[in-house]
Amino acid sequence: MKRRAAQPPRGPYTTPLRQLRRRLTFVFTVLTGTVLTVFLAITLGLAQKQTQLSAQSMFDASVDTLIVTLQTGSVSDTALAQTEAADGLLIFITDNGTPLFFSGGWAPATPRGTLLERAAEAGLAEGVNMDAAPRSSVYASRVTVTVEGNAGEHYTAAVCSVPGQRGWYGLAVLRDDGPLRRTLTRQALLYAALLSGGLALLGAVNWFLAGRALRPTAEALQKQREFVAAAGHELRGPLAVVKTSLSAMQASPADTPQYLAAIGSEADRMARLVDDLLLLAGSDAGTWRMRMEPVDADALVIGAHEQFAPLVKARGLRLALDLPEETLPPLWGDAGRLRQLLLVFISNACAYAPSGSDVTLRARAEKGRVLLSVEDHGPGVPDAEKAHVFERFYRADKSRTGKEHYGLGLSVAQELAALHGGDILLTDTPGGGATFTLRLPVRARKAQRTHTGPA
């Protein structure tokens, strides 16, 4: 029991949707990436400023410690060497203008004497002469300058004139800025890596979200292509018969009545197909109109039995009716559409039921719902096919179903069930066959209204 309509080739909609997805991804990534870039730039600036302030605070603390040490007269070469090695400093001291002999704890790229001269010159330019007594006998004169070495290295220097117990001390303390600059560079590279990774992640997320956002559109376009292709395929057959009959009428006028009958039959087929297509198109567009009102479930089922029993009998079958003794709860819906839905079930059952067998129309109430079912004793529906029978233009083998079936009836039924807030259940009939059950909720509505489009 198979054969779905052939899948149409992917049309021109694919490329525009992909282009739109790329554009949406680009726009979203630019917008979110700009926000991320600004955030990381601000964060990097704050982090580097904090790093510089921390380094400057440590440097100032080392200089303050040396000033206090000089003022108390407890300085020693060993202590100075340890301070230089521990903090990466260069320390120069003069006592009343006479340099103290101190070889230092490490050797910089530029000679120490050259660095001292440049620091002293820079300090003097800022108003502090380390070779002259400070203006105050209590507080040290102090200025912070920058010094560049011969190899392009940079130093931060504190140039001081410190009052002492026996005159004054000249003090120059230089810090190699290389480690600090390398730390700042590593921070910048880290944030650049975070930005690159963030942009890549945003691009991937935005690509995914754009795909999710466009998925309904893509699916709708794909269904539209399939719908048009399948409808064209189904209409081609009747039109071919009509054209052939017209040609045959011209060649054999005596057989005109026979060909006119064929043309009329094919016209009826096309009319049924067009009706179903319009119903499904109306459902897709949300323009179906239904007259929603209280429906007597018992009267609906009995009326359907009386209306369809002759049609079933004409096919060599019998339409049996099974109603419970108690009255069924009232429904809320469109009685005409519900009868149309039951006709789909009955017509489908007649297409498969063996001649002389019964097709049963059954109704019952169960847990706040009314169940309307039609069962036959035909070949049934294999489990692998149950998931497809409600697809548009799905149909069983033509040798069983006949030319009048286009595979749209159950699709129409499913749309009608959804509009009534219900669903359709397909099960196997005990002993063989298929049972289609419409499950409708019992709803008590006071006001009558007109419903447009899907619920």
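**Glu375, Thr429 and their surroundings in a predicted model**

Good morning. Leaving aside neighbours within four places in sequence, Glu375 is in contact with Asp358, Val359, Thr360, Arg362, Thr429, Ala434 and Thr435, where contact means heavy atoms within 4.5 Å. Before I continue, please note that this is a predicted model, in which local features need pLDDT of at least 70 and side-chain atom pairs count only at pLDDT 80 or more, while totals for chains, interfaces and linings use all residues. Residues are numbered from 1 along each chain as its sequence is written, and side-chain values use heavy atoms, with hydrogens and water left out.

Let me begin with confidence. The pLDDT is the predictor's confidence in each residue, from 0 to 100. The chain has a mean pLDDT of 82, and 84% of its residues reach 70 or more. Over residues 445–455, however, the pLDDT is below 50, and this stretch has 32 contacts in the model beyond near neighbours in sequence.

I return to Glu375. Is Glu375 buried or exposed? Glu375 is buried, with a relative accessible area of 13%; buried means under 20%, exposed over 50%, and partly exposed in between, using a 1.4 Å probe and protein chains only. The side chains of Glu375 and Arg362 are joined by a polar contact of 2.8 Å. A polar contact is a pair of N or O atoms within 3.5 Å; within protein, one must be able to donate a hydrogen and the other to accept it, and residues adjacent in sequence count only if both atoms are side-chain atoms.

Glu375 belongs to strand S10, residues 369–375. Helices (H or I, at least four residues) and strands (E, at least two) are DSSP runs, numbered from the N terminus. Of the 7 residues in S10, 6 are buried.

Which strands pair with S10? Strand S9, residues 358–366, runs antiparallel to S10 and is joined to it by 7 bridges; two strands pair if DSSP finds at least two bridges between them. Within this pair, Arg364 stands opposite Leu371. S9 and S10 form a hairpin with 2 residues between them, and Lys367 in the turn has a positive phi of about 50 degrees. Strand S12, residues 434–441, is also joined to S10 by 7 bridges and runs antiparallel to it.

The next residue is Thr429, found in the loop between strand S11 (423–428) and S12. Thr429 is buried, with a relative accessible area of 5%. What does Thr429 touch, not counting residues up to four places away in sequence? Its partners are Glu375, Asp376, His377, Ala434 and Thr435. Thr429 and Asp376 are 53 residues apart along the chain, yet their C-alpha atoms are separated by 7.0 Å. The side chain of Thr429 reaches the backbone oxygen of Asp376 at 3.1 Å. Another polar contact, of 2.6 Å, joins the side chains of Thr429 and Thr435.

Finally, I turn to another sheet. This open sheet has 5 strands in the order S2-S1-S5-S4-S3, with antiparallel pairing. Its edge strands, S2 (98–99) and S3 (141–148), each pair on one side only. Strand S1, residues 89–95, pairs with S2 in the antiparallel sense over 2 bridges, and Thr94 has Pro99 in S2 as its bridge partner.

That concludes my presentation. Thank you.
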